[in-house]
Amino acid sequence: MLVGLLGDTHDRVPAIAELVMRMVEAGAGMILHVGDYSSPFSLAPIHDASIPLAGVFGRNDGDREGLRAYAAKGVGTELYESPHSVEVGGQRILLVHDVGEVGRLSVHAHGIIVHGGSHTQEMKTRGDALMVNPGEGCGWLYGAPSAALLDLDTKRVEFIKLDPAEWTR
């Protein structure tokens with residue numbers, strides 16, 4: 001199963017829409033979001049694409065009740081406090097905004113950890129666990145909105161980065 005990984009979208013709806021479209025076109029069957037949507041309307045491109053979403057809140061999600069209410073409008077959209085474990089495609093996945101919130105034992109209890117917060121794309125392993133940060137969906141800090149695709153069967157990660165020339169104007 002192919003899933004899209006997204007985080008730190010911070011209300012940049014056009015970038016979210018483009019990243020979600022690319023994920024869907026690549027065959028992603030679900031999106032995992034690691035927080036910092038910021039406002040409820042940031043979920044609109046995900047709802048418009050009719051793709052299931054499981055996500056956690058980040059530091060900059062001030063209107064959590066509004067986000068939960070907007071999420072409830074969509075089918076298959078679930079938002080949780082960070083950190084949160086989900087079972088997808090036979091994999092136990094930990095979704096967390098700030099990886100510093102997670103202890104060593106929790107990392108080793110999961111096959112995959114998806115985290116955000118730093119706005120930087122990253123992939124590494126800790127023991128048998130794959131740790132992935134999809135980067136910043138908004139592109140505000142580093143100039144290019146980014147995300148990732150993860151094949152849950154092979155644990156292969158493909159990073160997506162939109163053209164900075166189109167997003168830094």
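Predicted model: local features only at pLDDT ≥ 70, side-chain atom pairs only at ≥ 80, totals over all residues.
**A surface patch, a sheet and a buried leucine**

Is Trp140 buried or exposed? Trp140 has a relative accessible area of 52%, and the cut-off for exposed is over 50%, so Trp140 counts as exposed. Together with Leu141 and Tyr142, Trp140 makes a nonpolar surface patch of about 400 Å².

Next, the sheet. The sheet is open and has six strands, in the order S4-S3-S2-S1-S10-S11, with mixed pairing. At the edges are strand S4 (77-80) and strand S11 (156-161), each of which pairs on one side only. On average, neighbouring strands in this sheet are turned by 20° against each other, ignoring direction. S10 and S11 run antiparallel and are joined by six bridges. Ser146, for instance, has Lys161 in S11 as its bridge partner. Packed on the sheet is helix H1 (residues 13-26), which touches S1, strand S2 (31-33), S10 and S11. The direction of H1 makes about 165° with that of S1.

Now to one residue of S1. Leu5 lies in that strand, which covers residues 2-6. Why does Leu5 count as buried? Its relative accessibility is 0%, and buried means under 20%, so Leu5 falls in that class. Which residues does Leu5 contact, beyond its neighbours within four places in sequence? They are Met23, Leu32, Val114, Val132, Pro134, Ala147, Ala148 and Leu150. Finally, a distance: Leu5 and Gly137 are 132 residues apart in sequence, and from C-alpha to C-alpha they are 9.5 Å apart in space.

Definitions and conventions: Residues numbered from 1 in each chain as written. Heavy atoms only, no water. Patch = residues over 30% accessible without salt bridge, like charges linked within 9 Å, V, L, I, M, F, W, Y side chains within 5 Å. Areas by Shrake-Rupley, 256 points an atom, 1.4 Å probe, with all protein chains shown as cover. Salt bridge = Lys/Arg side-chain N within 4 Å of Asp/Glu carboxyl O. Buried < 20%, exposed > 50% of the residue type's maximum accessible area, 1.4 Å probe, protein only. Helix = DSSP H or I, 4+ residues; strand = E, 2+ residues; numbered from the N terminus. Contact = heavy atoms within 4.5 Å. Pairing = 2+ DSSP bridges. Axes fitted to C-alpha atoms, helices over the stretch in contact; angles between N-to-C directions.
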